[in-house]
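Dear colleague,

Please find below the structure that I am handing over to you. My notes on it follow.

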Amino acid sequence: MISVSNVSMRYGSKVLFEDVSTTFTPGRRYGLTGPNGAGKSTFMKILTGEIDAQKGTVVRPRKLGVLRQDQFAFDAYRVIDTVIMGNKPLWAALEERDRIYEKAEMTDEDGMRLGELEGIIGDEDGYTAESDAAILLDGLDIREDLHERKMGELQGGQKVRILLAQALFGKPEALLLDEPTNYLDLDSIHWLQDFLLKYDGTLITISHDRHFLNSVTTHTADIDYQTIITYTGGYDDMVMAKTQIRSRLEAENAQREKKIAQLNEFISRFAAGTRSTQVTSRRKEVERLQTNELARSNIQRPFIKFDQVRPSGKHVLEFKQIKKIYGDHTVIDNFSANVLRGEKICLMGRNGAGKTTLLKSILANYPGLADKEFNLDAGTVFWGHEAQIGYFPQDVGSTIEHGLTVAEWLHRWNPQAHVEEIRGILGQMLFSGEEGAKPTKALSGGEQARLVFCKLILTKPNILIFDEPTNHLDLESINALNIALQRYEGTVLLVTHDHDLIDEVATRLWHFIPEGIEDFQGPYSEWKGKHN
């Protein structure tokens with residue numbers, strides 16, 4: 001159990017939460033939600049003890065599993081050891097035992113201490129630690145041949161999965177996971193969901209993956225209105241309950257205001273007359289009925305709507321026998337496909353399977369979007385009549401030139417656009433007021449993503465290509481993107497690991513598997529039914 005009493009946190013004049021008291025109960029799985037900037041990660045750090053609250057106390061269990069965000073902290077350690085470090089008492093005992101065995105001569109005290117350490121190692125399941133860690137790594141798609149490698153030799157996405165295994169290792173009484181699905185492919189996310197559903201301790205997780213939250217969590221702790229309110233159910237249940245409560249409070253306030261207006265009319269008519277007793281009574285009633293000012297929500301919802309200047313031809317794209325080889329590894333082997341106007345194709349599969357490579361392959365001859373350092377090894381690509389592409393790359397920040405303001409950068413993509421149109425689009429994507437004058441080099445990852453969405457809204461292409469667009473978006477922005485892609489009348493190619501985006505947007509799937517690329521003509525629900 002984790003217990004929080006009268007915890008407060010503010011930065012300058014901004015209050016994140018005030019006098020919060022709540023309990024996170026064993027056996028329950030909590031989603032910690034709230035808009036970007038509401039204080040989710042700050043509250044999580046208070047729970048782990050990484051930072052202290054400015055006021056209040058936190059009681060936490062002895063064994064706490066925490067997903068570390070510092071990818072470089074364990075670079076000198078083997079992968080398998082990094083996972084075992086998730087059980088601090090075990091790792092401390094193993095290290096001390098090794099130090100004693102390294103001595104040239106051992107004393108009687110050393111021998112006695114070794115006996116104590118072996119007891120600790122046995123109690124903490126240390127004799128099966130490496131095999132237990134290997135099972136976790138296998139579930140998260142970290143191959144056995146990587147287990148003996150140093151962390152510093154691995155890629156960022158692999159490190160994140162190893163740090164997730166570290167948090168899960170050692171049967172912690174509570175698990176605190178900040179964005180555990182980041183950099184995970186869909187198979188790994190589904191494995192993690194299954195693992196957490198069997199976990200019987202206290203789970204608290206921050207995630208921008210709506211399907212993950214709805215699938216895993218039993219309760220939702222929502223940071224808003226400068227406090228934390230816990231709702232029963234997943235993310236969608238919380239949104240519904242929160243909306244209903246807010247609507248009821250607003251309706252009650254409206255009724256009070258109507259009654260107060262009627263009473264004040266009576267008071268003004270008869271204040272100077274003979275009905276002073278009735279006037280006094282109504283004044284007291286007005287004081288009793290005074291409406292409470294409702295706290296303002298921190299949630300901001302962007303509005304995304306993708307239009308086309310003109311539709312493309314019926315045949316949007318055709319490519320034949322595409323092949324791409326890196327060293328001695330063939331990533332794409334003679335893949336061919338035709339794409340028709342209006343199709344929405346999701347590319348899905350394990351990380352490193354070749355999804356980004358395929359996007360680069362089909363863009364290899366498209367002016368302005370081709371990667372100059374990328375060359376096809378074989379194959380041909382033909383874009384159809386009037387094909388106009390809007391591209392959202394995985395490294396979205398690399399497409400935004402520095403030395404400009406946000407508004408100046410956006411205006412460059414359509415110099416004929418009026419200032420009011422530029423401001424309107426920026427406002428849709430939550431760049432309000434003076435934020436249009438913000439330097440592009442000062443943008444966060446989420447702001448960079450929203451600015452590129454502004455560009456796609458302004459330029460109105462008839463083909464949209466997205467490479468993992470949700471990486472830096474909050475739940476509200478991901479939901480807005482989901483709705484916009486469903487309503488878009490053009491053609492979409494989308495790489496994502498977001499279950500709901502795949503399920504609700506895709507009309508066709510390119511599934512990357514070891515044998516090649518499966519071209520499935522139909523939505524995800526049909527594909528899933530076929531593969532279950």
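The chain of this predicted model holds 17 helices and 18 strands, where helices (H or I, at least four residues) and strands (E, at least two) are DSSP runs numbered from the N terminus. Local features need pLDDT of at least 70, side-chain atom pairs count only at pLDDT 80 or more, and totals for chains, interfaces and linings use all residues. Residues are numbered from 1 along each chain as its sequence is written, and side-chain values use heavy atoms, with hydrogens and water left out.

Contacts (heavy atoms within 4.5 Å) between residues at least 6 apart in sequence join residues at least 24 apart in 67% of cases.

Helix α7 (residues 186-198) spans 19 Å from its first C-alpha to its last, close to the 18 Å expected at 1.5 Å a residue (1.5 Å times one less than its number of residues). Its buried residues are L186, S188, I189, L192, Q193 and L196. Viewed down the axis of α7, they fall within an arc of 155° (taken from the directions from the helix axis to the C-beta atoms), so they line one face of the helix.

Two backbone angles deserve mention. Most residues other than glycine have a negative phi. N6, in strand β1 (residues 2-11), has a phi near 55° and is partly exposed, because its relative accessibility is 40%. E468, in the loop between β15 (463-467) and α15 (475-487), has a positive phi of about 50°; at 14% relative accessibility, E468 counts as buried.

Yours sincerely

Key. Buried means under 20% relative accessible area, exposed over 50%, partly exposed in between (1.4 Å probe, protein chains only).
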